[in-house]
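Colleague: I am new to this structure. Please take one part of it and walk me through that part closely.

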Amino acid sequence: MSKPKPAPLPAGTVVGGYQVIKKLASGGFGVVYLAEDSDRRLIALKEYLPASLAERSPGELTPRVKPEKQPLYRLGLKSFFEEGRSLAQISHPSVVSVLNFFRENETVYMVMNYLQGDTLQDFIVTARDLKRDKVFRESTIRSLFDEILRGLRIVHQHKMLHLDIKPANIFITNDNKAVLLDFGAAREVLSKEGNFIRPMYTPGFAAPEMYRRDGTLGPWTDIYAIGACIYACMQGYPPNDAPQRIDKDRLGLSLSRLRNVYSDNLIEVTEWCMSLDPLSRPQSVFALQKELARETERRYTKLSFSERLKLQLENIKTGAKA
Amino acid sequence: MRFSVYQVSRRGGREKNEDRMGYCYTRDSGLFALADGMGGHPEGEVASQLALQTLAALFQRDAKPVLKDPMRYLHDAIMAGHHQLIRYATEKALIDTPRTTVVACVLQGSAAYWAHCGDSRLYLVRGDKLVARTRDHSYSELQETLAQVVPIGERFNRNVLFTCLGSPGKPVVDTVGPLILQEGDRLLLCSDGLWGSVSDEEITAQLSQRTIADAVPELVEQALRNGGPKSDNVTVLAVEWESSEDESARGISTESLGEEVFASTIQASVGAGSGEPDELDEAEIERSIREINEAIQRSSRNAGPNKKS
């Protein structure tokens, strides 16, 4: 039988001067609440409460950690501090900001800006279900990623990597700003069993070097994920994961489906970011930004007869619909 | 056994401090060691750390409470450190092996034994005299010796070593001992950051005129001053044998220790980086929270009115 998840703090609880309104989300590392500060401003409150290591019955405030799980619990706490430390150094509209960090109930809490809006993932799913020929307009994609890259550039300038960029971690606020979320995965992460895997990756968005132990990670690793996000914005679905691509790479083929829908330049940039060889990708966010911002006349190339034929054959084989 | 020990390590003008030092002891034996991770190769600080950890782990294993054969221990433990580096590089699939120098000294009974590989040195000062000093495994020291026999034209860079741990060839390890110690003898272990900018005469003078607690910081300051803004890492560990009790340095008497006791300033886990979880203690948690809040204050101040991206 699986262990019950630790209970979230009940609505109305006051921690560190913030009053909990409701639970927003819970993940492997803890719980995020919507809360109010003493000036009745809304904030997001993240509580360190690893589901696999801590227990808390409904109505209780202090989590209990079994002695044998203490070392892992403390280790996870370190990662939680890492996230806080990373975010605290950055103050940029495209990166979620930390307002406070405190200790209570024998655990720790991170106070963040409360953002109202939806994740890019939600937008992609909604847009894709409209079944139009384009998921997003090209100009939307370009300006969205221009904003995200500004934030990512600051992250890299602080000698940090995000390492889990994906549509679900890009937030679009109701006033139309793109914000990078969730730096918790940036380093060691807890698995369900309470073992540490490092770093965690999301198939489709994780660069091939993320799968290798001791692969050299760098800005190019985040850039791969950016390329995969652009792909998802055009295609509506995430790309094949890196091991699949190493086995048989269909990226060029599936991108060719987008020809004549999106400009040659945008497709090329995506392919460039998603090169399997880290050295073949843009080596810095700046290099990528320059390419994305290039406002030359957009060229569209139709598929040639043989290319269409190849695509149709591929579609018959995989049963996909063009 | 009774001794005092004092150690200082400073980063100087370098980006990282790749020097490591430390000591450990049982009731009847003491190990003092220092390693200087080499630039120009990957992960110098891992190399120096691994070399010391290996020395400490084998000392703990073999000193029960004395080492049967200190010379052999020194040689084998240094070679084991070398093999650890090769293994580390293989496991991590590094193109190049991390490298380090090492100098280690065992005090046991009334004798000193030491060994070194590379250009980290040991000085032994008795009264106001330099009684012994290791000879660097560098081309320049080799040349000074050879120059008597064969004239060599150009001068070698003192930094170029012909042996170290982690190099493809088998490291050269020189071992010396036993040398019978006298009360008040001072031993000093240092990285080239010290001797590169402070002369042997000055080192000897400082050690003979002051207590080690005064001499060590003074020597390190001199080295950093002479080294200027780009000064190398400077690391010095000094031991005074059978020191008088009123010494302000850390006086250690091992008389009262049981046979099983082992004390160490060197982290004992061999295989650093392979995930020994180091736990946070209360102070560390408090410090982290304080640091994060300071960072929040700083960055929100900087972001102030002229927010630009």
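Modeller: What follows is a close look at one strand and its surroundings. Keep in mind that this is a predicted model.

Six strands of chain A form an open sheet, paired antiparallel, in the order S1-S2-S3-S4-S8-S7. Strands S1 (14-15) and S7 (98-104) stand at its edges. Each has a single partner strand, so one side of each is left without a neighbour in the sheet. In the strand order, S3(A) sits between S2(A) and S4(A).

Gln19(A) is opposite Glu36(A) of S3(A). Lys23(A) is opposite Tyr33(A) of S3(A).

Now the S4 side. Here seven bridges join S3(A) to S4(A), and the two run antiparallel. Ala35(A) faces Ile43(A) in S4(A). These two strands make a hairpin, with five residues between them. Arg40(A) lies in the turn and has a positive phi of about 60°.

How enclosed is S3(A) by the rest of the structure? Largely, because five of its seven residues are buried.

Helix H1(A), residues 70-89, lies across S4 (42-48), S7 and S8 (107-113) of chain A. H1(A) runs at about 150° to S7(A).

Key: Residues numbered from 1 in each chain as written. Chains lettered and ligands numbered in written order. Predicted model: local features only at pLDDT ≥ 70, side-chain atom pairs only at ≥ 80, totals over all residues. Pairing = 2+ DSSP bridges. Helix = DSSP H or I, 4+ residues; strand = E, 2+ residues; numbered from the N terminus. Contact = placed C-beta atoms within 7 Å. Axes fitted to C-alpha atoms, helices over the stretch in contact; angles between N-to-C directions. Buried ≥ 20, exposed ≤ 12 C-beta atoms within 10 Å, placed from the backbone.
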